[in-house]
Amino acid sequence: MRDRVAHSVLKIGGTDLYVADTEPGGRFVQGKQVNICISIADKEQAQKYYEALKEGGQVEPLLQEVYFSPAYGMVTDKFGVTFQIFTKRT
């Protein structure tokens, strides 16, 4: 069994860089080593980012309310870069 990093936050200047491991039992796919998480305070702005990134890309899962966020979703854009859109709870 290998050690696992659930998630971590690296502070670089005024920016927070979130990093996370793959889900337990999740399949590792070569070329998908990086997920970029965009944290947004506003659900409407999150929807705009999501719509722009999904053009020509693949949605996984839909932008929706989940237990930790009022609007969370993932998109792999047309260039193969995976983004998490995360809206903070207020």
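## Around R89

Once its neighbours within four places in sequence are left aside, R89 is in contact (heavy atoms within 4.5 Å) with E65, V66, Y67, F68, S69 and P70. The model is predicted, so that local features need pLDDT of at least 70 and side-chain atom pairs count only at pLDDT 80 or more, whereas totals for chains, interfaces and linings use all residues. Residues are numbered from 1 along each chain as its sequence is written, and side-chain values use heavy atoms, with hydrogens and water left out.

R89 is found in the segment after β7, where helices (H or I, at least four residues) and strands (E, at least two) are DSSP runs numbered from the N terminus. With a relative accessible area of 44%, R89 is partly exposed, a class that lies between buried (under 20% relative accessible area) and exposed (over 50%), for a 1.4 Å probe and protein chains only. R89 and F68 are 21 residues apart in sequence, and their C-alpha atoms are 7.5 Å apart in space. A polar atom of the R89 side chain lies 2.8 Å from the backbone oxygen of V66, and a polar atom of the R89 side chain lies 3.2 Å from the backbone oxygen of Y67. Distances of this kind are judged against the definition of a polar contact (a pair of N or O atoms within 3.5 Å; within protein, one must be able to donate a hydrogen and the other to accept it, and residues adjacent in sequence count only if both atoms are side-chain atoms).

## Overall arrangement

The chain holds one helix and seven strands, and from the N terminus on its elements run β-β-β-α-β-β-β-β. Of its 90 residues, 22% count as buried. Among the contacts with a separation of 6 or more, 31% are accounted for by residues 24 or more positions apart.

## The helix α1

Helix α1 (residues 43-54) has twelve residues and reaches 16 Å from its first C-alpha to its last, close to the 16 Å expected at 1.5 Å a residue; that expected span is 1.5 Å times one less than the number of residues. The buried residues of α1 are A46, Y50 and L53. They cover an arc of only 70° around the axis, which puts them on the same side of α1, the arc being that of the directions from the helix axis to the C-beta atoms. These buried residues pack against β3 (35-40), β4 (58-59), β6 (69-76) and β7 (82-87), while the face turned away from the buried side carries the exposed residues E44, K48 and A52.

At the N-terminal end, α1 is capped by D42, with a side-chain oxygen 3.1 Å from the backbone nitrogen of E44. Just after the helix, G56 takes a positive phi of about 80°.

## Strands and hairpins

Eight of the eight residues of β6 are buried, so this strand is largely enclosed by the rest of the structure. Strands pair if DSSP finds at least two bridges between them, and β6 runs antiparallel to β4, joined to it by two bridges, with Q58 and T76 as bridge partners. Two bridges also join β6 to the antiparallel strand β5 (residues 64-66), where V66 stands opposite S69, and a hairpin connects β5 to β6 through two residues. With β7, β6 pairs in the antiparallel sense over five bridges, F86 being the bridge partner of Y72; five residues lie between the two strands of this hairpin, and G80 in the turn has a positive phi of about 90°. In β7, T82 is buried at a relative accessible area of 3%, and its side chain makes a polar contact with the side chain of T76 (2.9 Å).

In strand β1 (residues 7-12), the number of buried residues is zero out of six, so this strand lies largely in the open. Its antiparallel pairing with strand β2 (residues 15-20) extends over six bridges, and I12 has T15 as its bridge partner in β2. The hairpin of β1 and β2 has two residues between the strands, and G13 takes a positive phi near 60° there.
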